[in-house]
Each structure stands twice: as structure tokens, then as C-alpha cells.
Amino acid sequence: MKHTQKDMALLSYLQNHHDPAKVPFTFALNGTQYTGFPFAFDPQVERERIDASITRYRITATTPDGLLLTADHYAYSDFAVSEWVMSIKNVSDHASATISGWRFATTFPSSCASLYHGNGDTCGTNGYEWQTDELTSTPLCIAPSGDGTPCNGAFPYMRLLTPEWGINLAIGWSGHWSAEFSMTHSGVEFSAGQGFFNAYLKPGESVRTPRITMQIFEGGHDRGRNLWRSYYFAHMLPREKDGKPLSPKLFLHTWNIGGHSEFSGTTEQNQKEAIDVYLQKGFKPDGWWIDAGWYPCRYDWGVGVGNLRVNADNYPNGLKPVSDHLHKYDIDLLLWFEPERNYTGTDMWEQHPEFLLFYQGENHFWLTNALFNLADPVACDWMIDKIDSLIKEYGVDIYRQDFNFQPMPYWQQNSEPGREGVLENLHIQGYYRFWDTLMERNPGLWIDSCASGGRRNDPETMRRAVPLHYTDVGYGDHYMKQAQHRQMFEWIPYFRAHNFNWCGDDGIYNGQPHRIDGFAYQNAMAPSMTDMTEYYHDEQQFAQGRIYHAIWRRAAEIMLRADYYPLTECRKDIHDWYGLQFDEDGTGLVQVIRNVAVESESCTLSLFVFDPSKTYTFTEAISGEVRTLSGTELAQNGMCFTMPRKTAQIWFYCAE
């Protein structure tokens, strides 16, 4: 979907100007409040073309006591998008004034508005849920849980809707943030910033705000949803080695080999053998997944986190023979790391305690784990060099970084008096520099972001990575995955799903793996997929997989181009039908799922964006059934679907 001239005209509502006095940031210096950059600070404005569609306006000013203020505004010519980020650097030779109340702040002109927002990935069954609140004069405050991750308890993507227009809002900060909305006589007041910041800066230190992305549009949810998707694909989604956007990816792996946890039982021999068996049976992956446990860990993946070296007993020749074997067949190697968490007794804990932040208290998990201090430039440089060397040595194509951790207690306990929020701010900046440098040193490398699932999928992280593991909850609970996918398709539309099946023949979801069936494949239709068929499974499983791999790839390619329309409510309820549609100029797909406890045998759905003057041919991917319907029929009657319980259909269609 593309922006119109009417959308672009609305940009004036988004502080899309460069008057230093009206820079949309507020802050206090030693208690004196400022909004914008005052004339007394000698502000300057510079303009720079970043690429064919982005222009950066940089507004700078210097306070009398040596604080360099910089506000960067990014203006887009292809989308009605405005982005702001501000930094403050102490360029003096002494401690700075105390900075407090530092936030992006603006007002959108409207007499009434509602906010559509969600709770992100809570690592529980209540995650990925959404609500709409009518804004009033009482401030609506939104913030994640406070554990130091940005997507646990609040999602940094939201949509403000008025009767005339809407704004997609994204808060790019990979730590703790907060936002506030309220209705005033002037309109909707919106502010956002780092959740906790009240500090002076030492000489040479530089801190920054979250990046605030605002996309304005005419219309309601459907336009807002698809304009955001278009913006994400154009400007956020990482690229392939050839510079093109990421294509659909099928992953395979071996899991819990020999009953050992995660991937601690993998060896050079069993990895090569499994790859060969998969290829012989017609399963050709795009990527081979080696997750936690490839390092020394005594078959308990968690206790080895902090050993940044391969388990020589399992891989006597290192990991390179495995990646070389994969590369012969044009298969990428994905390798898991968790560099920010370090378990007691590991190499990092024993050899480099100066790089770690420790916890003092009664929480056993926090006591036995330490946070690698990316806020320290020396430590950050060490970690960059270390991971870079392993990527090169092992032949890694996809760098997977996990974060099974709550950093906030470590930041708080190790902060100096009068410096609240600085340690977090510098750590987050180090995290960005870490990833940016890895990609600079390894052209074509791309990153999978994980934090006990999806707890760190904020927009700044998503400019550098994709979430191939967007949650740790519900891999095989199909109705739960439907709700999760409903939101991922809308906000972070490149993600991966498993085809795990936790539903037995009796229709009961019990959290135990059951035989993979067509219904499991149907519920794993996403831009990326891991097939949980193991290399030792029977031929019937592989025959089924070969059919569904072709269907999945065709669907995934459409998902990464087309507009997205949810066709049903999505309540994580096994009694509900589930339907969705992807459409690109009259070509696309409709998927309909009858969950295991749905009573009705049929469901009629109203489809979207059909031209009454055209005729459409629908072909069901499994049965081959063909229906031909006019755009007028579809607009008036919708489309009826009849199927047994716990089954699904995918209909590919095109206009004639």
C-alpha cells in the first residue's frame, strides 16, 4: 500500500519543521526546564540527503556549560513518516548539569482520539493481547514491566486513531521506555522517553533518546496496518547478501539429540548425517539451525553460557566442517549466542570479571548470572572482536542472539549516585554498536533477535534484525499462535513459526508433541518456518512435508509483498474460526482455519479489496478445488468455507 498526497499533507501535524525553538524535545538542566533549543544556545541547522528517499535535518546547540545538544529529524519522501532522536554530549572538562525530564513531546490536533496498544511478549499465555482506550484528560501511561526489556508488558508499537486520520507510533529503545497520552484543549498530548533518567554526564559521555517514528495516514486500521507494513518492508527489514529484502526461509535442525537438552547433544558427525538424510528425503532448507548447547555445558545448556568456544569433545575440528558441508548445498548456518548473560564458573566469569556487572541480593538466578557490560567501550570492543572472530572461524551466516535475562537489577545496582539511567543508556548504545560493527565486518551477515522469545523486538532492534523466535510460549498451541501471528503480521511482518503440534486426536492441547499433521503446517504459515519433522521420522511425514513446503513458500512470498487483512476476531479460543487474507492488486491468498472445538461446519467471511468489474479464480492448495467468483458476488455475499474440525484451507487467487 502506498501513501497518497492527502497522507503527505498531514505531515504538518507531526512536528515536521526545523525551527530550533520548536524541536519536539523537553528537558531540564539543573531544574531549569527547556522545550526546544533556545536562541541563547546558538542553534544551527544542517541538511543531509541520506539516500534517495530520506533527508536528515540535524539541529545542534551548545549550552554555556558545555553540553552539545543534537536533534536529528528524518523526513521521508516515499512515506508520510517523521522520525526524531536526540542526543546530549558533555564536551566540557567537568561534570555536566543534571539532566532530567528528558522526553520527546508533541501535540496532535484533534478533539477526540483512541489508542490501540498491546502488552507485547510476556513469556506467558497472556502475551500478544491488544486493547483500545479512549483518551481523556487523565493521562494514559504505558510502559513495559520494568525488567529492562522493551516488549515485556507493553509493545512499543501502537496506533492513535481520530475520526479523520491515524498515526502509527513506534518507540525505538531496547531498554525500559515509557509513553504518555492525554486529551487537552489543544489536542492529543504525547510524550515518550527512556523510562528512568536523572543524571549528570562525565566529560566525553554521550546519551540519547529513543527514536520516535510517526507515520500519519487517512483512514482507519486497515490503511494504517498496511502502510506500516509497506514502510517496514521498505526501510526496516534487513537485506540479503545481494541487497534485496529477506526472502522466505525454511529452517531445519536436530533437537534434544540423545535426550540431551536443546542442542548440547549435537556433534560434527550427527549434524552432517542429519543434513544428508534431509536432503535425500527431499527436504532442502535455506538455513540449518544450531541453538544453545554447542559450547561446553555438561549437557545443560544454561550453565555453559559464558563459554564462547565450541565443545571440543563434540566438535573436535570446530564448527567449520559443519558450515562447509552446509555451504556445499547453499545452506546457511545459524548459530546461537547469548553474550550478555554469563553463568558463574564459565570462562567469562573467571577470566574477565572486569567486564561484568554483578548482582548483590537474594535472587538465586541473578546471583549466579552476570551481565556483560556493553556500556564499557573496552568491554564492548572485546566482545565485538570475540564474536567477529567466531563468526569467521565457524562460517556463520546468521547470527542468533538470545537474552534470557532481566538487565534492570544489574543496571540499578551498579549505577553511581546522581547517575540514574546512564548505565542503561550507554549499554543500549553499546548493543547497537556491537551489532552494527558485526554487520560491517561481515557483509551479508544477518541477525536473529531473541530475548526469551520476543521481549526485545523494539524498532531499533528490528532495524538490525528479524525475530525468528518471537515467543517462548505456545509453539504447538495452534489457537495461541493464531493470535500471536495476528499481531506479528501487522507490526513485525517478517518472523518465523514452528509446525509443532500439541493437539492430540482427542482435541486436547496438553503441551506434549504429537505427530505433525497438515493442521500444524497450516498454523505455521509465516514468512519463515522451522519444520519440526526429524530426520529419523517415517516416509509419510516427509511426503506430507514436501507437499506443504511448496505451499508454504508460495504463501510466504505473498506475505512479504501483499497487504494484510485479518478476517476474524482472534481471541486465543479453540471455539473460533480464524481467517486472514493477503492481497496485492487482485492476487493473493485467503486462509481459513476451523479450530478443534468450533461447532459450525461452515463459515462465511467478507473478503477485502475486490474489483466488482473483475472475475476471480480461487484454487484450494491441497484439494485443488477451483471456484470462480465475480467481484460483485464477493462484495455482496462474501465467501463460504465448509470443512471438518481441526482442518484448514488456503485458497490462492488471481483476477482474470
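Student: What thresholds apply here?

Tutor: In this predicted model, local features need pLDDT of at least 70 and side-chain atom pairs count only at pLDDT 80 or more, while totals for chains, interfaces and linings use all residues. Residues are numbered from 1 along each chain as its sequence is written, and side-chain values use heavy atoms, with hydrogens and water left out.

Student: How many helices and strands does the protein chain have?

Tutor: Helices (H or I, at least four residues) and strands (E, at least two) are DSSP runs, numbered from the N terminus. The protein chain has 14 helices and 37 strands.

Student: Which residues of α3 are buried?

Tutor: Buried means under 20% relative accessible area, exposed over 50%, partly exposed in between (1.4 Å probe, protein chains only). In α3, the buried residues are Glu268, Asn270, Gln271, Ala274, Ile275 and Tyr278. Their cover includes β18 (249-252), β19 (287-290), α4 (320-328) and α13 (539-559). Across the protein chain, 63% of the 656 residues are buried.

Student: What radius of gyration would a compact globule have?

Tutor: The radius is taken over C-alpha atoms, and the globule rule is 2.2 Å times the number of residues to the power 0.38. For 656 residues the rule gives a value near 26 Å; the protein chain has 26 Å, which agrees.

Conventions: Contact means heavy atoms within 4.5 Å.
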